[in-house]
Amino acid sequence: MAQITLKNICKEYGDGFKAVNDISLDIADGEFMILVGPSGCGKSTTLRMVVGLEDITSGDLEIDGRRVNDLAPKDRNLAMVFQNYALYPHLSVRDNIAFPLRLGHNRIPEEEVDQRVREAAEMLELTEHLDRRPANLSGGQRQRVAMGRAIVRDADAFLFDEPLSNLDAKLRGQMRTEIARLQRRLGITTVYVTHDQTEAMTLGDRVAVMRKGVLQQCASPRELYEEP
Ligand code: ADP
Ligand code: ADP
């Protein structure tokens with residue numbers, strides 16, 4: 001778990017266009033934070049700066065009080081959770097989950113890899129499916145495998161970028177429930193980007209509302225509902 005703090009974060013693209021304009025946001029340990037707003041308002045850019053896939057033009061990004069602006073993505077220990085398409089179709093669920101543990105510099109003994117994969121599978125209720133391929137899983141199960149990748153390497157936070165936008169309404173509803181349930185159970189700090197009002201109002205502890213690069217307000221769904 002980690003506390004993620006954005007202090008006056010700005011992103012200016014080449015032509016001087018400010019995609020993100022002076023955003024400050026304090027995401028608590030274990031909190032489920034939603035970033036919501038219309039397309040083009042800067043949500044994805046913000047998330048990419050947090051994970052380190054985009055340079056920060058100005059401002060400070062802190063993880064547990066430490067400035068991380070200049071840290072490479074791999075040194076931030078945050079896990080971007082991609083949807084189905086990030087799973088390797090030719091690998092079993094077991095090997096998909098184990099994948100990050102077998103990357104070059106990690107070099108973890110196979111017994112430990114096996115142990116961690118079994119623990120993650122247990123948490124995600126995937127134990128019976130470890131030998132299957134992604135193609136033979138339901139959408140919900142695939143989402144859990146994607147989360148398993150993040151859990152297995154003990155990431156400090158989950159970052160989601162519109163994970164449900166390509167799904168039909170029924171599956172989207174199921175996945176919402178799945179993600180909310182797992183986040184609560186694991187208590188892992190989560191930042192979730194969406195343009196969908198329903199997702200924003202049902203999933204998170206707090207909702208950060210963005211518009212044209214600016215953070216308009218940040219409050220719990222309840223407070224947002226009660227606003228006149
Ligand atoms: P959202 O995720 O809210 O849809 P983005 O963060 O993707 O918004 O984009 C914010 C703004 O920055 C948009 O106006 C977009 O066109 C612009 N933008 C995104 N990426 C780039 C880029 N690489 N170069 C220039 N402008 C960009
Ligand atoms: P390189 O250029 O050396 O491949 P990258 O910055 O592309 O470096 O990525 C290095 C590491 O950063 C990856 O091995 C991965 O662990 C991590 N990483 C890259 N993209 C993401 C992401 N979207 N979410 C979380 N971690 C990532």
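Which residue just after H4 takes a positive phi? Aspartate 154 does, at about 60°. Here are some notes on this predicted model, starting with the helices and moving on to the pocket, the cavity and a few backbone spots.

1. **Helix H4.** H4 is mostly covered, with 13 of its 14 residues buried. Aspartate 154, with its positive phi of about 60°, comes just after this helix. You will meet aspartate 154 again below, in the lining of the second largest pocket.

2. **Helix H3, length and buried side.** H3 covers residues 110-123, and its 14 residues reach 20 Å from the first C-alpha to the last, close to the 20 Å expected at 1.5 Å a residue. Val113, Val117, Ala120 and Ala121 are the buried residues of H3. Looking down the axis of H3, you would find these buried residues within an arc of 100°, so they line one face of the helix. As a reminder, an α-helix has 3.6 residues a turn, so residues three or four places apart point the same way.

3. What do the buried residues of H3 pack against? They pack against helix H2 (93-98) and helix H4 (139-152). On the face of H3 turned away from its buried side sit the exposed residues Glu111 and Glu122. Just after H3, glutamate 125 has a positive phi of about 55°.

4. **Helix H5.** H5 runs over residues 169-186. At 1.5 Å a residue, its 18 residues should span 26 Å, and the distance between the end C-alpha atoms, 26 Å, agrees. Met175, Arg176, Glu178, Ile179, Ala180, Leu182 and Gln183 are buried in H5. The elements covering these buried residues include the helices H3, H4 and H6 (197-203), together with the strands S3 (32-36), S7 and S8 (189-194). Glycine 187 follows H5 and has a positive phi, near 60°.

5. **The second largest pocket.** If you are setting up a grid view, about 210 Å³ of space lies in this pocket. Its lining is made up of Met1, Arg116, Glu119, Ala120, Met123, Ala150, Ile151, Val152, Asp154, Ala155, Leu186 and Ile188. H3 and H4 are the elements that give two or more residues to that lining. The largest share, 4 residues, comes from H3. By class, the lining holds 9 nonpolar and 3 charged residues, with no polar ones.

6. **The cavity.** How many cavities of 30 Å³ or more does the structure hold? There is 1. The largest cavity has a volume of about 40 Å³, and Leu6, Leu25, Ile27, Leu35, Thr46, Val50 and Val191 line it. Strand S2 (18-27) and helix H1 (43-51) are the elements that give two or more residues to this lining. The residues divide into 6 nonpolar, 1 polar and no charged.

7. **Positive phi in two loops.** Most residues other than glycine have a negative phi, and most peptide bonds are trans. Aspartate 64 is not a glycine, yet has a positive phi of about 50°. Aspartate 64 is placed in the loop between strand S4 (58-63) and strand S5 (66-67), where this residue is partly exposed, with a relative accessible area of 47%. Asparagine 77 also has a positive phi, near 55°, without being a glycine. Asparagine 77 lies in the loop between S5 and strand S6 (78-80) and is partly exposed, with a relative accessible area of 25%.

8. **Leucine 167.** Is leucine 167 buried or exposed? Leucine 167 is buried, at a relative accessible area of 12%, which is under the 20% cut-off used for that word. Leucine 167 belongs to the loop between strand S7 (157-161) and helix H5. From leucine 167 to threonine 190 there are 23 residues in sequence and 21 Å in space, C-alpha to C-alpha.

Notes: Residues are numbered from 1 along each chain as its sequence is written. Chains are lettered from A and ligands numbered from 1 in the order in which they are written. This is a predicted model: local features need pLDDT of at least 70, side-chain atom pairs count only at pLDDT 80 or more; totals for chains, interfaces and linings use all residues. Side-chain values use heavy atoms; hydrogens and water are left out. The expected span of a helix is 1.5 Å times one less than its number of residues. Buried means under 20% relative accessible area, exposed over 50%, partly exposed in between (1.4 Å probe, protein chains only). The arc is that of the directions from the helix axis to the C-beta atoms. Contact means heavy atoms within 4.5 Å. On a 1 Å grid over the protein atoms alone, a cavity is a set of points where a 1.4 Å probe fits but cannot get out, and a pocket is an open set with protein on both sides within 12 Å along at least five of seven lines; lining residues have an atom within 4 Å of a point. Grid points are joined across faces, edges and corners, and a volume is the space filled by probe spheres set on the points. Ala, Val, Leu, Ile, Met, Phe, Trp, Tyr, Cys and Pro count as nonpolar, Asp, Glu, Lys and Arg as charged, and the others, Gly among them, as polar.
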